[in-house]
Amino acid sequence: MLEVLNHPLITHKLTIMRNKETGTKDFRENLDEIAELMAYEVCRDLPVRSVDIETPMGACTGYELSKQVVIVPILRAGIGLLDGIRRLIPTAKVGFIGLYRDEETLEPHEYFAKFPKNLEDSIIMIVDPMLATGGSAIAAIDMMKKRGAKNIRLVCLVGAPEGAKAVQEAHPDVDIYLAAMDDHLNEIGYIVPGLGDAGDRIFGTK
Ligand code: PRP
Ligand code: URA
């Protein structure tokens, strides 16, 4: 399943992020706000279980989340989505995957991995602003599956059709959520029109 979350608030904030005149502070703040809005949509079908509680007026059957949620940002740029999602799911656990894309080959290279326990029974949200060739997302999903994860969602801000197709072919069981599907990848593997290098714009490294 591939869902592009066309929402006026998300599109408005994403337009600010795309603008090359937008500085690090506004880029980061808008990413954080979009992450929260996306989380609301991505969590729409989270499983719940009934609980019997007492309100001040009497007995009531309520519903609470029944599965542990684990948010897994792909370092570095995925960090920019973490706080916004955690505001909506403060009980979520957090794992980390360190990957960088070789600038020549565009192949992802793993440099860090740290996860909470019980991935088999958890709902995993792998988060990264950019889905370009799909190589990083596919490697991240492979890493999670190798450790037992079964229920995985991929949450990205901007996707390229090439990357979405590659992930769908490699991992048809993984639901993909995007804020926007862009036009294409250029000859150096950047999304067009995209927003440039997400990690550099979040952390001010260029
Ligand atoms: C960027 C981005 C994704 C990856 C997408 O990270 O945040 O992780 O590229 O490209 P792909 O779909 O072709 O794999 P990058 O490797 O630049 O590392 P960074 O987050 O540390 O900047
Ligand atoms: N990584 C980015 O940060 N931006 C792109 O457009 C592609 C990969």
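Residues are numbered from 1 along each chain as its sequence is written, and chains are lettered from A and ligands numbered from 1 in the order in which they are written. Because the model is predicted, local features need pLDDT of at least 70 and side-chain atom pairs count only at pLDDT 80 or more, while totals for chains, interfaces and linings use all residues; side-chain values use heavy atoms, with hydrogens and water left out.

**The largest pocket**

A pocket is an open set of points on a 1 Å grid over the protein atoms alone, where a 1.4 Å probe fits, with protein on both sides within 12 Å along at least five of seven lines. Lining residues have an atom within 4 Å of a point. A volume is the space filled by probe spheres set on the points, which are joined across faces, edges and corners.

The largest pocket has a volume of about 690 Å³. Its lining counts 30 residues, with Tyr 100, Arg 101, Ser 136, Tyr 190 and Asp 197 nearest the centre. Strands β4 (69-75), β6 and β8 and helices α4 and α6 (198-203) each give at least two lining residues. Helices (H or I, at least four residues) and strands (E, at least two) are DSSP runs, numbered from the N terminus.

**Ligand 1**

The space taken by ligand 1 is this largest pocket. A molecule sits in a pocket if more than half of its atoms lie within 2 Å of its grid points. Around ligand 1 stand 15 residues; Arg 101, Asp 128, Thr 133, Gly 134 and Ser 136 are the closest. A residue counts as near if one of its heavy atoms lies within 4 Å. β8 (123-131) is one of the elements that give two or more residues to this shell. The largest share, three residues, comes from β8.

**Ligand 2**

Ligand 2 also sits in the largest pocket. Its surroundings include Arg 101, Met 130, Tyr 190 and Asp 197.

**Polar contacts of the ligands**

A polar contact is a pair of N or O atoms within 3.5 Å. The protein atom in each row is an N or O atom.

| Protein atom | Ligand atom | Distance |
|---|---|---|
| Ala 77, backbone | ligand 1, oxygen | 3.0 Å |
| Asp 128, side chain | ligand 1, oxygen | 2.4 Å |
| Gly 134, backbone | ligand 1, oxygen | 2.9 Å |
| Ile 191, backbone | ligand 2, oxygen | 2.8 Å |
| Gly 196, backbone | ligand 2, nitrogen | 2.8 Å |
| Ala 198, backbone | ligand 2, oxygen | 2.8 Å |

Taken alone, ligand 2 exposes 240 Å², and the protein buries 89% of that. Ligand 1 alone exposes 500 Å², of which the protein buries 90%. These areas come from the Shrake-Rupley method with a 1.4 Å probe.

**The second largest pocket**

This pocket has a volume of about 150 Å³. Among its lining residues are Ala 39, Tyr 40, Cys 43, Arg 44 and Leu 46.

**Backbone features**

Most residues other than glycine have a negative phi, and most peptide bonds are trans. The model has exceptions. A cis peptide bond joins Leu 75 and Arg 76, with omega about -5 degrees. Arg 76 lies in the loop between β4 and α3 (79-88). The bond from Val 192 to Pro 193 is also cis, with omega near 0 degrees. Pro 193 belongs to the loop between β12 (191-192) and α6. Leu 106 has a positive phi, near 65 degrees. Its place is the loop between β6 and β7 (108-114).

Terms used:
A polar contact is a pair of N or O atoms within 3.5 Å; within protein, one must be able to donate a hydrogen and the other to accept it, and residues adjacent in sequence count only if both atoms are side-chain atoms.
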